[in-house]
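Hi,

Here is the structure I promised to pass on to you. Have a look at it first, and then read on for what turned up.

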Amino acid sequence: MRTLIKNGKIVTQNSKREIVDGDILIENDRIISIGKCSESADKIIDASGDIVLPGLINTHTHVSMTSLKGLVDDVTFPAFLDKVFHLDDIRTPRDLEAGAAQGCIEMIRSGTTTFLDLYYSEDIIAKAVERSGIRGVLGWAVLDQQFTTQKGDPLDNCKRFYNEFKDHDRIYPAVGLQGVYVCSTETFTRAKEFALEEDLTLTFHLSETRKEVSDCKKKEGFRPGDYLANIGFFNDHCVAAHSAWLTMNEVRAMAAAGVKVSSCPVSNMKLATGGVAPIPEMIDAGMTVSLGTDGSTTNNSLDLFGEMKFVSLLQKSSRWDPTILPAQQVLDFTTINAAKALRMDSKIGSIEAGKKADIIILDGKAPNLRPIFPETLVSNIVYSSYGLNVKTVLCDGKVVMKDNVIQTIDEWKELEEANAAAQELHESI
């Protein structure tokens, strides 16, 4: 099966960050060539006047929490945690799957083709991901048994999920640790050993709040980053979400171990947790930085285009320096850097021959994206675009959305089911 995307303005995100006017030839799930193409194809997608990008990659979210959107807005952080923990305790397989399907639809419509999730019941969430047509790196939540509502040992549950889904297309099992506040040294060590043994992504919340830092110092005698470094937990399979309250000592230790970071600026601002992730220092130390939206309770949106703009503006504002995090660097966070964070940069994250055909097309006629010039195109993408500018999405070479119509699932049916399941959940509160 050959697909030809014709006449697009292609933001390749390759090592030279080239922008190419031309075509992309795809065979099955792989990109064959970029540039002018005269070869025949089974399917032709006209991208004349449009902007073509690699599929975006969200490196921290809780996709099933779309069912909880709006339920815990505008409350203090302790009240937020109490309510979310209660909601997690009463959730059903129905609303978990329906919420995940809604979240996948939202990500498709805003150009995300791969995401890293952290939640329990990833086996249920995986069903929605498979229907959607995008790619999920699904980290089963691991924490001490005394703190969980899961039946049985969370790490054993994670292992069962891995064994069940390790050979599924577009489902990549991962290990997701909740954080230092509910995970003992033993839990961190066992999770790390399993992740390294099976070559899995190891993701976790880290230094999201000042209270987390203070509590860890009281309990372990170290700040969270120093504690995890001290017990030998850090390694190059790690993706640390938030990482807002880090010292330079922690940054250097994480960088030396190959830890990657998923910054979640909108979530942190909405919850008013304070602290601004030291992203310039992370970059100077050689760390790979990417972006996550977090879940729909702390962000309300899974749109990475909005996240790109916010992360740049927050850093500029907090440092009083408009040159910090320029547009190209921020676009890297959601494409090639995010692929590196997941150790998938040989497959996704840029538009290059031999890589997976994860491609999105933005409507070049949209007024907020014009005028279109090569020297301002990336700035327009980062500072001017919205997820709703995405018109066509391919993942693994398959058309997931074409001209704003999702091809893989019955969108309206899924959204109606998600609404009904959420209503049922809300009535049980």
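How much space lies in the second largest pocket? About 420 Å³. Please keep in mind throughout that this is a predicted model.

Staying with that pocket for a moment, 21 residues line it, and the closest to its centre are Lys166, Ile171, Tyr172, Pro173 and Met344. Its lining takes at least two residues from each of two strands, E8 (135-142) and E9 (171-177). Strand E9 gives the largest share, three residues. By class, the lining of the second largest pocket has 11 charged residues, eight nonpolar and two polar.

The largest pocket has about 1,100 Å³ of space. Its lining is made up of 38 residues, with Leu81, Val84, Phe85, Gln178 and Tyr181 the closest to the centre. Helix H1 supplies the largest share, eight residues. Here the classes divide into 17 nonpolar, 13 polar and eight charged residues.

Next, a helix pair. Helix H2 (residues 93-109) packs against helix H3 (residues 122-132) at an angle of about 35°, and their axes are 8 Å apart. The crossing is right-handed. On the H2 side, the contact involves Pro93, Leu96, Glu97, Ala100, Ala101, Cys104 and Ile108. These meet Ile124, Ile125, Lys127, Ala128, Val129, Arg131 and Ser132 in H3. Sorted by class, the residues of this contact are 10 nonpolar, three charged and one polar.

On to charges. The whole structure holds 27 salt bridges. One that I would point you to joins the side chains of Asp153 and Arg190, with 3.4 Å from N to O. Asp153 sits in the loop between E8 and helix H4 (154-165) and Arg190 in helix H5 (residues 185-198), so this pair ties together parts that are 37 residues apart in sequence.

Finally, two spots in the backbone to check by eye. Most residues other than glycine have a negative phi, and most peptide bonds are trans. Arg370 and Pro371, however, are joined by a cis peptide bond, with omega about 0°. Pro371 belongs to the loop between strand E14 (359-362) and helix H14 (377-384). Arg17, a residue other than glycine, has a positive phi, near 55°. Arg17 is found in the loop between strand E1 (2-11) and strand E2 (19-27).

Best wishes

Conventions: Residues are numbered from 1 along each chain as its sequence is written. This is a predicted model: local features need pLDDT of at least 70, side-chain atom pairs count only at pLDDT 80 or more; totals for chains, interfaces and linings use all residues. Side-chain values use heavy atoms; hydrogens and water are left out. Axes are lines fitted to C-alpha atoms, for helices over the stretch in contact, and angles run from 0 to 180 degrees between N-to-C directions. Helices (H or I, at least four residues) and strands (E, at least two) are DSSP runs, numbered from the N terminus. A crossing is left-handed if the near helix is turned anticlockwise from the far one by less than a right angle, and right-handed if clockwise. Contact means heavy atoms within 4.5 Å. Ala, Val, Leu, Ile, Met, Phe, Trp, Tyr, Cys and Pro count as nonpolar, Asp, Glu, Lys and Arg as charged, and the others, Gly among them, as polar. On a 1 Å grid over the protein atoms alone, a cavity is a set of points where a 1.4 Å probe fits but cannot get out, and a pocket is an open set with protein on both sides within 12 Å along at least five of seven lines; lining residues have an atom within 4 Å of a point. Grid points are joined across faces, edges and corners, and a volume is the space filled by probe spheres set on the points. A salt bridge is a side-chain nitrogen of Lys or Arg within 4 Å of a carboxyl oxygen of Asp or Glu.
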